[in-house]
Amino acid sequence: MAFAPLGDMEKLKTIVIDAALDASLEEHYVLFDHSADLPESADDTAVALAEELPFTPEEYEKTLEVVSVNFLLTGQNVIKILKNVYTRWQRIRQSLLMLDREVFGESIEDIEDQLEDLHLADFVYRMDYSHWQQYPRYLEALEIRIERLEHNLESDLEGVYALDVHMERLANRANDKAISEYRWMVEEYRIQLFAQPMKTRMAVSPKRLSKMWDKMS
């Protein structure tokens with residue numbers, strides 16, 4: 001089973017249930033007007049969050065009803081996403097084992113750093129659903145990169161060197177919410193560097209990344 005190196009069946013079941021609940025709450029929720037309950041100093045983020053949170057038993061029941069109705073369908077989609085992620089990850093692991101480290105060492109190390117930052121054992125607990133549902137794209141791009149690597153080493157290394165400054169910035173901070181927007185832009189930049197003609201979710205370039213970093217930091 002693709003998940004086996006990361007844990008047992010009970011762990012996988014728990015991940016599937018928790019991920020399905022996370023996705024259901026993200027995609028299916030009831031908006032409530034809690035403006036009268038918030039202090040005047042509440043910013044837009046607090047107001048938006050409060051709109052999605054039930055404050056009373058009645059609001060909780062409304063939320064529960066909506067989530068319950070959509071839970072199974074959302075869960076089926078989540079299972080597809082997770083199966084895609086773990087299956088691709090296993091293929092990537094096997095492909096890396098076939099590469100000669102003396103020849104492809106720098107590229108392999110960069111790929112391993114990327115996989116480490118993706119935290120495949122428990123990624124659904126480390127970030128919002130809006131981010132982890134993109135994992136199949138990131139791993140698809142990685143498979144394309146590895147498939148091309150043997151005949152594309154020089155170009156691949158140019159990409160690795162272009163990423164150096166960004167990976168240094170993300171060192172031990174990949175899950176830091178303060179730089180989350182920058183972190184995911186870097187992931188899209190990887191698609192642009194290594195997996196064209198795959199499309200990125202947003203326009204991305206070294207200049208845009210530098211501006212985003214200045215904004216975040």
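Salt bridges, to start: a search of the whole structure finds 11 of them, counting a side-chain nitrogen of Lys or Arg within 4 Å of a carboxyl oxygen of Asp or Glu. Side chains of opposite charge can pair when their charged atoms come close.

Before the individual pairs, the conditions. This is a predicted model, in which local features need pLDDT of at least 70 and side-chain atom pairs count only at pLDDT 80 or more, while totals for chains, interfaces and linings use all residues. Residues are numbered from 1 along each chain as its sequence is written, and side-chain values use heavy atoms, with hydrogens and water left out.

One of the salt bridges is between Glu143 and Arg91, where the closest N and O atoms are 2.7 Å apart. Glu143 belongs to helix α6 and Arg91 to helix α3, so this pair ties together parts that are 52 residues apart in sequence. When I say helix, I mean a DSSP run of H or I with at least four residues, numbered from the N terminus; strands would be runs of E with at least two. Glu143 counts as buried, at 18% relative accessibility, and Arg91 is partly exposed, with a relative accessible area of 37%. The cut-offs are under 20% relative accessible area for buried, over 50% for exposed, and partly exposed in between, with a 1.4 Å probe and protein chains only.

Next, Asp110 and Arg190, whose side chains meet in a salt bridge of 2.8 Å, N to O. That pair links distant parts of the chain, Asp110 being in helix α4 and Arg190 in helix α8, 80 residues apart. Asp110 is buried at 5% relative accessibility, and Arg190 is buried with a relative accessible area of 4%. The pair is also part of a network of salt bridges that links Asp110, Arg145, Asp156 and Arg190.

A further pair is Glu188 with Arg137, closest N and O atoms 2.9 Å apart. Here Glu188 in helix α8 and Arg137 in helix α6 are 51 residues apart, so to speak distant parts of the chain that the pair links. Both Glu188 and Arg137 are buried.

As for cover, 12 of the 15 residues of α8 are buried, and the helix is mostly covered. Among the buried ones are Tyr182, Trp184, Met185, Tyr189, Ile191 and Phe194. Their cover includes α4 (101-118), α5 (129-132), α6 (135-149), α7 (153-170) and α9 (206-216).

Past helix α8, in the loop between α8 and α9, we find Pro197. A cis peptide bond joins Gln196 and Pro197, with omega about 15°.

His119, in the loop between α4 and α5, has phi near 50°, a positive value in a residue other than glycine. His119 counts as partly exposed, at 21% relative accessibility. Asn172 is in the loop between α7 and α8 and has a positive phi of about 65°, although it is not a glycine. Asn172 is exposed, with a relative accessible area of 84%.

Back to helix α3, where Thr74 is placed. Is Thr74 buried or exposed? Buried, with a relative accessible area of 5%. Leaving out residues up to four places away in sequence, Thr74 touches Ala20, Ala23, Ser24, Glu27 and His28, contact meaning heavy atoms within 4.5 Å. With His28 there is also a side-chain polar contact of 3.3 Å. A polar contact is a pair of N or O atoms within 3.5 Å; within protein, one must be able to donate a hydrogen and the other to accept it, and residues adjacent in sequence count only if both atoms are side-chain atoms.

Last, the surface. Leu49, Leu53 and Phe55 form a nonpolar patch there, with about 280 Å² of accessible area together. Areas come from the Shrake-Rupley method with a 1.4 Å probe, and for residues only the protein chains shown count as cover. Patches take residues with over 30% relative accessible area and no salt bridge, joining like charges within 9 Å and nonpolar side chains (Val, Leu, Ile, Met, Phe, Trp, Tyr) within 5 Å. Leu53 lies in the loop between α2 (44-52) and α3 (57-97) and, at 40% relative accessibility, counts as partly exposed.
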